[in-house]
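Subject: Structure handover

Hi,

My notes on it follow below.

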Amino acid sequence: MKILVDADACPAIIRDILVRFVNKQQIKTIFIANQPVAVKRSSFVSTWQVSQGIDVADQEIIRRACEGDLVVTQDLRLAQAVLTCKAMAISPRGELFDRETIDSKVSRRDFNEVLRESGVLTGGPSALSGRDSQRFAEKIQQLSI
């Protein structure tokens, strides 16, 4: 079992929470991004920089995700793909994605994107709050990994 992190958009506070958690639990964790990612050094943590390009990091995560692994991502399409591999997926806000609801979440996201492109809906999700990061920390503690 390992943790794979979609690190391009992973907030620093979530990276710090993860490093503390994996050091305590002794779980191999890989931060994957197409740019350098700053994380605290640990024998359980590594960073992999992939080449630039749309979804290159996502494809690497999908390629490496195995049953029972945990993927940390805000990307609903990536979460959908790794759930198909029988990995678990969680957002930095502490939302554990599941196969029963991920398709509807992706559809809703796609619809909102169309609305944004047409000027009807603007903006995206709110900034990560302290409560969000606390929820993430609580949720990963509860997971049987």
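Leaving aside its neighbours within four places in sequence, which residues is threonine 29 in contact with? They are Ile3, Val5, Val22, Phe44, Val45 and Ser46. Contact here means heavy atoms within 4.5 Å.

First, the ground rules. This is a predicted model, where local features need pLDDT of at least 70 and side-chain atom pairs count only at pLDDT 80 or more, while totals for chains, interfaces and linings use all residues. Residues are numbered from 1 along each chain as its sequence is written, and side-chain values use heavy atoms, with hydrogens and water left out.

Threonine 29 and strand E2

Threonine 29 lies in strand E2. Helices (H or I, at least four residues) and strands (E, at least two) are DSSP runs, numbered from the N terminus. Threonine 29 has a relative accessible area of 0%, so it is buried. Buried means under 20% relative accessible area, exposed over 50%, and partly exposed in between (1.4 Å probe, protein chains only). A polar atom of the threonine 29 side chain lies 3.2 Å from the backbone oxygen of isoleucine 27. That is a polar contact: a pair of N or O atoms within 3.5 Å; within protein, one must be able to donate a hydrogen and the other to accept it, and residues adjacent in sequence count only if both atoms are side-chain atoms.

Strand E1

Strand E1 covers residues 2-6. Five of its five residues are buried, so E1 is largely enclosed by the rest of the structure. Lys2, Leu4 and Asp6 point one way from E1; Ile3 and Val5 point the other way. In a regular strand the side chains alternate between the two faces of the sheet.

E1 has these partners:
- E2 (residues 28-33) runs parallel to E1, with five bridges joining them. Isoleucine 3 stands opposite threonine 29.
- E4 (residues 70-72) also runs parallel to E1, with three bridges. Leucine 4 has valine 71 as its bridge partner there.

Two strands pair if DSSP finds at least two bridges between them.

From E1 the chain crosses through helix H1 (residues 12-25) to E2, and this β-α-β crossover is right-handed. Right-handed means that, with the strands pointing away from the viewer, the path from the first strand over the helix to the second runs clockwise.

After E2

Asparagine 34 sits in the loop between E2 and E3. Its relative accessible area is 14%, so asparagine 34 is buried. Not counting residues up to four places away in sequence, asparagine 34 touches Asp8, Gln49, Val50, Ser51, Gln52 and Gly53.

In H2 (residues 56-64), the buried residues are Ala57, Asp58, Glu60 and Ile61. They cover an arc of only 160 degrees around the axis, which puts them on the same side of H2. The arc is that of the directions from the helix axis to the C-beta atoms. What covers these buried residues includes E1, E2, E3 (45-49), E4 and H3 (76-84).

In H3, the buried residues are Leu76, Leu78, Ala79, Val82 and Leu83. Their arc is only 155 degrees, which puts them on the same side of H3. At the start of H3, a side-chain oxygen of aspartate 75 reaches to within 2.9 Å of the backbone nitrogen of arginine 77. Lysine 86 follows H3, and its phi is positive, near 70 degrees.

Salt bridges

How many salt bridges does a search of the whole structure find? Seven. A salt bridge is a side-chain nitrogen of Lys or Arg within 4 Å of a carboxyl oxygen of Asp or Glu.

- Glutamate 60 and arginine 64: the closest N and O atoms are 2.5 Å apart. The residues are four apart in H2, about one helical turn. Glutamate 60 is buried at 15%, and arginine 64 is partly exposed at 28%. A network of salt bridges links Glu60, Arg63 and Arg64.
- Glutamate 95 and lysine 105: 2.6 Å, N to O. The pair links distant parts of the chain, 10 residues apart: glutamate 95 is in the loop between E5 (88-90) and E6 (96-97), lysine 105 in H4 (residues 102-117). Glutamate 95 is partly exposed at 33%, whereas lysine 105 is buried at 19%.
- Arginine 135 and aspartate 132: 3.0 Å, N to O. Both lie in H5 (residues 130-142), three residues apart. Arginine 135 is partly exposed at 31%; aspartate 132 is buried at 8%.

Best wishes
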